[in-house]
Amino acid sequence: MTSKKRWLTCAVAAMMTLSFAACGTYTDSTTVSDEPESSASETAGSEETPDASSAEGEEETASGGDSFTIVATQPNTLNMIQSQSNLDNYCFYLTQEMLFRPYDGVYSPEVVDTWEVDETGTVYTYHLKETNWSDGTPITADDFAYYFLAQLDPAMGSANATTLITTYGFVNAEAYYNGECDVSEVGIKALDDYTLQLTLEEPKADFDGTNITCYPLDADFVAEQGEALGGTPENYMCSGPYVLADWTYGSSLTYEKNDQWLLADEQFLVETVTMLEATDANTSVSMFESGEVDAVLSVDDDYLSILPEENLQYFVFNALKAVQLNTLGQGDAEKIALLSNENFRFALSYALNREAIVAAVTPTDTPVNRYLFAPMTGNSPETLFEDDYAVESVPLAGDAEQAKAYLQAALDELGYASVDELPALSYLTFENEAYRLMAETLVDQWNQVLGLGNITIDLKPIPDAIQSMMSYQYDIYYTSLGTGAVPSGFFNMWITGGSANDVAANGSNIFSNEEFDALVDEAQRTMDREDRMALYAQAEQIMIDESPLIPISTSGNYAAVASYVDGFMYNSNDNAIELNYLTVNK
Amino acid sequence: MAKEWFLLRKYILQRLVISVVTLWLIVTVCFFLLRLLPGNPFASTTLMTQETLDRMMAYYGLDQPLWKQYLTYMGNLLKGDFGYSLKYAGRSVNYVIASTFPVSAQLGLQALAFGIPTGLLLGILAAKLRGRAADAGINVFVIICTAVPTFIIAALLQYFLALKLELFPVAQWKSFAYTILPTICLSLGTVSGYARSMRTLMLEVDRQDFLKTAKAKGLGPARIVVFHQIRNAIIPMITNLGTEIAGMLMGSYVIEKIFSIPGMGAYFVDSINGLDYTMVMGLVIFQAVIVIGANFVVDLLYGVIDPRIRVR
Amino acid sequence: MEKEKQLAAVTVDPALCRPVDRSRLDTDQIVRPSVSYWAGVWRRLKQDKLAIFCASLLAVLILLAIFAPLFSPYRYDQTDLLSGNLPPSMEHWFGTDSAGRDMWTRVWVGARVSLAVGFIGAILPFVIGMFVGSVAGWFGGWIDMLIMRVIDIGLCIPSMIYVILILVYFGGGPQAIIIALAVMNWMGPARGYRGRILQFKNREFTLAAETLGATPMRIIYRHILPNILGNIVVSLTSFVPAAIFMEASLAFIGLGIAPPMTSLGQLASDGAGMYRTHFYQFIIPSLVISLIIFAFFMLGNCLRDALDPQLRDEMSTSALRKRRRAEQLAKSRKGAAK
């Protein structure tokens with residue numbers, strides 16, 4: 001018996017060594033780069049020996065540290081034309097030059113040397129510095145112009161054209177996008193190699209000439225790459241603070257410092273930045289605790305209590321989570337009457353104790369009773385819009401009595417004897433743990449407070465759920481909406497024909513109010529900041545009273561940052577992980 | 001002998017033709033099934049109007065009639081071109097497979113190389129020591145492996161072995177040391193499955209006549225166990241081996257996610273969830289080739305190991 | 001030593017040997033009562049203490065799943081936002097989740113779904129697979145070829161695709177999930193069962209039955225099936241946990257049971273994120289799943305012993321244990337006597 005056992009054990013061992021000998025799929029492209037990195041992270045774990053590694057850093061004068069490793073979700077694509085995700089922008093921000101680079105919401109000139117605007121407030125002329133791509137070829141004004149023109153090109157199938165058109169309203173941009181005019185007629189022109197001119201159809205109060213995100217994009221390179229554009233580092237041109245050295249799908253992105261960059265001596269001093277993909281919340285936190293990474297961009301709710309408070313940094317996201325009622329009622333007259341009934345909507349809104357719900361379900365969010373919350377460029381830098389301009393809305397803690405009164409009023413108006421007679425409603429939401437819990441909580445709260453027992457939850461995968469929403473196959477929809485960096489971004493979605501309002505683009509608005517439309521329009525032309533904000537506040541009040549959008553919370557995010565890291569910054573208005581002034585002192 | 005070789009060649013040729021037809025059927029069925037799924041591949045959480053969506057559909061040629069899209073796809077496929085992902089612009093499906101498959105395959109092979117022998121060994125031990133403490137211990141181990149979901153075992157092992165005891169790195173895919181923990185986690189299912197089946201099959205074989213014959217011939221117990229009992233017990237397990245190997249090579253969503261491994265597993269789930277048609281098709285075809293190939297080899301092996309089932 | 005002893009035993013006094021009284025040797029005498037196969041199975045199962053224990057454990061779990069939510073003062077979907085994440089206490093025996101829902105009620109409501117899905121969702125695909133597999137294995141030729149190709153195709157198309165399709169057309173209820181599991185899982189057993197049939201098809205007893213003119217169905221179900229039923233039961237009982245987990249992973253990608261209904265798999269995967277902060281939310285559903293699976297698993301082992309016609313009482317695991325215990329007892333008595 002024993003001999004047999006030994007024989008089998010040997011066989012197992014032999015088979016293991018055989019298969020393990022065949023290796024070489026590891027993600028490190030160079031073993032050299034692996035060595036200092038792993039040893040550095042080991043010393044980071046043990047706090048007793050900080051001297052050893054900091055000694056290496058002292059050799060260089062303006063050093064931000066050798067390496068910074070952060071857990072963050074990978075970009076979908078580096079194709080700037082097709083890109084729709086802020087994840088992509090994290091990478092663009094690190095690897096491209098910009099006309100103006102935002103840092104914590106403030107745009108400062110980078111490639112732009114000087115710029116002027118004419119007296120009509122519509123023609124912006126930018127004089128650019130001489131700069132190069134990372135391979136040494138010069139970047140011209142054409143490259144910056146092409147960044148916009150490519151997104152507007154109807155043949156490119158970009159999803160960003162509509163936003164560009166509504167936000168800036170370049171001359172003939174819409175006509176070009178609809179194939180009605182030639183590219184040369186669009187108000188985005190390179191006058192010469194170092195002069196870029198943007199012409200707007202009318203002055204945009206929210207655009208001050210600097211708050212525009214513009215990267216260079218080489219038209220020839222785009223044509224040459226075709227479909228392969230932005231898929232790998234080889235199919236992507238860098239010009240910014242870092243060069244994308246390696247991208248292993250599902251694992252890591254490695255950025256190496258670009259010494260050719262304009263401000264290479266002043267900003268982005270860390271030599272190597274690694275972004276690790278860790279889709280699992282538990283793994284991200286464990287890697288942070290073990291010292292394998294220096295930061296985690298987004299810590300899951302469940303793990304906040306595990307990490308020391310001094311390592312957590314809170315960032316507000318410019319996203320509003322809200323319940324949206326389908327006032328078109330899927331064509332059913334009874335539902336149309338119910339879902340567009342103001343008292344019924346107030347009943348749903350007042351029944352919710354937002355403070356308790358958010359604390360229980362999405363503790364990183366902030367409960368809100370209005371739409372604009374995140375710090376915005378249009379507002380004064382010190383204060384929040386919501387602090388300066390009060391609106392009347394539901395109390396954050398809800399009001400059950402008031403809710404019942406509203407419901408009774410709604411029942412009386414609509415001619416129902418009791419709440420049980422109301423038609424069955426469906427609540428559409430995404431297949432996602434947080435969204436499911438929110439759905440279960442909201443539906444049960446409405447049941448407990450109002451006795452509404454006939455709401456069913458319709459859980460769907462994202463493409464399916466969005467398609468259902470866009471074809472109005474829902475009664476109640478829980479949504480997350482980007483509120484944008486300026487108030488007009490959000491309100492423009494809700495004017496008659498707006499992109500969130502009339503998603504099918506066929507005139508089926510779920511909210512239409514002429515006064516609101518007029519206020520938003522007027523505000524966008526009002527150059528005086530305070531007057532403009534007051535108009536937006538009025539518009540917001542109308543939306544709170546009239547629109548079928550019931551605000552619940554704004555998204556927030558906790559980042560975990562090691563104590564030896566200084567100057568970590570994330571800003572959701574800029575859509576960027578801003579490592580401009582980051583130093584790693586380990 | 002020569003006749004046998006001729007028959008074998010004919011058999012292989014036949015199988016080859018059948019395999020190609022099977023593959024074509026898989027491609028076709030999958031292509032049309034995918035289009036039955038509800039939703040729009042470009043509908044993401046970023047708000048878009050229907051008009052924008054339609055333009056994107058047109059850009060990727062998805063507004064064409066279905067049969068035309070099918071012909072285009074088959075044409076490209078014959079050239080070996082799986083096309084580009086719809087979700088991740090610029091990412092060619094060929095490149096994704098080429099870069100992620102080696103990782104998943106290495107992990108899968110390691111797990112199989114560790115899991116199958118370990119499982120068989122445990123099964124044999126349990127059968128030989130039936131009713132004793134070792135048997136009970138192996139049973140308990142098998143129960144734990146079956147009863148506790150992989151993601152829980154993996155998370156716990158990661159927490160205790162990597163974070164608390166610092167025996168292994170927590171995650172990533174950098175060197176052999178990084179592969180040990182995921183290999184063990186991935187192989188647990190194989191170990192418990194093989195241990196359990198092996199125990200049962202060993203007991204079944206235990207009472208068959210050829211063992212009595214072998215004993216009567218005066219063979220030593222070790223020889224009987226190794227050459228007769230184990231060999232016969234293994235046969236039924238080979239049936240699903242092809243599918244199993246192929247499955248392991250294709251990567252595991254859960255393990256890859258927990259250990260941040262750049263493998264294929266995540267693409268299977270995410271691409272179907274996100275309706276990334278080209279990516280799903282590419283992965284399915286690639287998987288099909290591997291499964292069909294593995295099954296073919298296994299069927300050949302079947303005849304070699306069990307003389308009672310001959311190639312006809 | 002051993003050999004000498006044997007030799008000593010061989011040299012026997014011839015006087016002790018005498019012819020057997022043939023009249024006392026009735027070859028037709030029935031030593032055991034003649035019982036049908038299934039009665040034998042039942043008799044053997046009844047005697048197995050472990051089987052009884054597992055069956056009663058399963059019965060307790062099923063009873064809890066049926067009755068615990070009925071007698072609970074809380075609804076399974078009743079949120080109480082101010083008492084979220086409470087550890088187990090007298091009010092909430094299993095604590096509460098983050099939305100303040102009573103875990104005791106939720107766990108047993110979830111167990112209903114998991115038991116139903118696990119049990120039916122495991123048996124249904126198995127029965128289908130067995131039928132198809134035996135047809136393929138027995139008849140061979142083009143039928144086999146056709147069925148195996150269908151399986152090849154089916155196994156190569158990711159199950160998620162047709163699961164989504166089934167759930168779209170049948171809705172998100174337990175029935176749809178069971179259908180989805182059946183469609184997903186019949187192919188593995190079919191392939192395996194075909195292999196077993198092939199293995200037994202050329203055996204002597206099958207050939208004998210065939211020569212005697214038995215129909216294929218009869219041969220399969222009377223002669224081959226009992227031989228491999230043990231193995232099938234073992235895989236079937238390991239299919240139950242697989243089905244329970246498959247439901248959980250379907251839930252994970254949004255294709256599981258429709259909310260607010262829940263299942264053990266879903267509770268466990270929701271709790272998995274909490275194992276460092278609220279350990280009970282993770283361990284309680286996991287433990288209940290483990291108990292269910294343990295019961296099925298051990299019952300499967302016992303059934304295997306009971307079902308096997310060639311396995312006589314003296315060969316079964318429980319009998320083996322009994323005999324060994326008796327031997328040990330005898331030994332210790334001997335030791336005590338010395």
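1. The model is predicted, with local features requiring pLDDT of at least 70 and side-chain atom pairs counted only at pLDDT 80 or more, while totals for chains, interfaces and linings use all residues. Residues are numbered from 1 along each chain as its sequence is written, and chains are lettered from A in the order in which they are written.

2. Between the chains, 64 residues of chain B are in contact with 62 residues of chain A, contact being taken as C-beta atoms, placed from the backbone, within 7 Å. Among the elements of chain B that give two or more residues to this side are α2 (50-59), α9 (221-238) and α12 (265-273), and α4(B) gives the most, with 14 residues. Helices here are DSSP runs of H or I with at least four residues, and strands are runs of E with at least two, numbered from the N terminus.

3. The side of chain B that touches chain A has 37 nonpolar, 21 polar and six charged residues, where Ala, Val, Leu, Ile, Met, Phe, Trp, Tyr, Cys and Pro count as nonpolar, Asp, Glu, Lys and Arg as charged, and the others, Gly among them, as polar.

4. Chain A is assigned domain 1 (4-315 + 556-584) and domain 2 (316-555), with bounds that come from an automatic or database domain assignment. In chain A, 16 residues of domain 1 are in contact with 25 residues of domain 2.

5. Strands β2 (residues 100-103) and β3 (residues 106-109) of chain A run antiparallel and are joined by four bridges, pairing being defined by at least two DSSP bridges. A:Arg101 has A:Ser108 as its bridge partner in β3(A).

Key. Contact = placed C-beta atoms within 7 Å.
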